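Reader: I would like to learn how to read a few features of a model. Please take them one at a time.

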Amino acid sequence: MIRQLGAHRGKRIVFGYDRYLLDERREYVDLLSRFGPVEEAVDERALHYLTSARAVCERVQGAADAVGVLCCGTGMGMSIAANKFRGIYAARCVSAEDAEMARIINNANVLCLAASAGLAVNAQIIDAFMRTPFEGRKIEQLEHLCDFELEARPAPLSDVRVPAVDDVLPKTA
């Protein structure tokens, strides 16, 4: 997978998010659909960055036709969680330039965004990530990353209490 050249445009987009994106979820799905078919991967009963990261990464792992997009408050938690999965190269991007470099240099297959950056900024980042092709730069270094993955295994979520949506969202009248 690390040797796969080209851009992500046209691939299936597996999209995950947490409670910080609930109000704008539809706008993000509409934006992402400009680049390929969108498949939401969330557990609405336990909407949490860990459950969404797992759902997205399990669907992107080993799939040459898929790319992941994850969004939480800062994008950091999603990025850390996603990078625990073998074959996932997640990049937290805060600018279009970050997204271009994540593709050109690192061949990232999962984009992690900060909901706090807002839709306008994230739209530019998504555009750069989806359109920028990987052309094989630094391929030997990327292949060395595969050696780091040999022992990496995600921790079971059964050890982590994931709050239900009703536990974390404010009550409305």
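Reader: How are helix 1 and helix 5 oriented to each other: roughly parallel or roughly antiparallel?

Author: Start with the angle between the axes. This is a predicted model. Helix 1 and helix 5 (residues 119–131) pack at an angle of about 25°. Angles under 35 degrees count as roughly parallel. Helix 1 and helix 5 are therefore roughly parallel to each other. Their axes are 11 Å apart.

Reader: Is the crossing of helix 1 and helix 5 left-handed or right-handed?

Author: The crossing of the two helices is right-handed.

Reader: Which residues in helix 1 and helix 5 meet?

Author: From helix 1 come Glu27, Tyr28, Leu31 and Leu32. From helix 5 come Leu119, Asn122, Ala123 and Ile126.

Reader: Now charges. How many salt bridges does a search of the whole structure find?

Author: The general idea first. Side chains of opposite charge can pair when their charged atoms come close. Here the search finds nine salt bridges. One of them joins Arg25 and Glu40. Their closest N and O atoms are 2.8 Å apart.

Reader: Which parts does the pair of Arg25 and Glu40 tie together?

Author: Arg25 lies in helix 1 (residues 25–32) and Glu40 in strand 2 (residues 38–40), so the pair links parts 15 residues apart in sequence. Both ends are partly exposed: Arg25 has 22% relative accessibility, and Glu40 has a relative accessible area of 30%.

Reader: Which residue forms a salt bridge with Glu39?

Author: Arg59 does, with the closest N and O atoms 3.0 Å apart. Arg59 sits in helix 2 (residues 49–60) and Glu39 in strand 2, so this pair ties together parts 20 residues apart in sequence. Arg59 is partly exposed at 37%. Glu39 is partly exposed too, at 25%.

Reader: Is Arg45 buried or exposed?

Author: Arg45 is exposed, with a relative accessible area of 67%. Its salt-bridge partner is Asp43, and the closest N and O atoms are 3.4 Å apart. Asp43 is partly exposed at 26%. Elsewhere, shared partners join Arg12, Glu39, Arg59 and Asp65 into one salt-bridge network.

Reader: Last, confidence. Which elements have the lowest and the highest mean pLDDT?

Author: Where pLDDT is low, the predicted coordinates should not be read in detail. Helix 7 (residues 165–168) has the lowest mean among the elements, 52. Strand 5 (residues 110–114) has the highest, 98. The chain mean is 84, and 75% of the residues reach 70 or more.

How values were computed: Residues numbered from 1 in each chain as written. Predicted model: local features only at pLDDT ≥ 70, side-chain atom pairs only at ≥ 80, totals over all residues. Heavy atoms only, no water. pLDDT = per-residue confidence, 0-100. Helix = DSSP H or I, 4+ residues; strand = E, 2+ residues; numbered from the N terminus. Salt bridge = Lys/Arg side-chain N within 4 Å of Asp/Glu carboxyl O. Buried < 20%, exposed > 50% of the residue type's maximum accessible area, 1.4 Å probe, protein only. Axes fitted to C-alpha atoms, helices over the stretch in contact; angles between N-to-C directions. Parallel < 35°, antiparallel > 145°, perpendicular 65-115°, else oblique. Left-handed = near helix turned anticlockwise from the far one by under 90°. Contact = heavy atoms within 4.5 Å.
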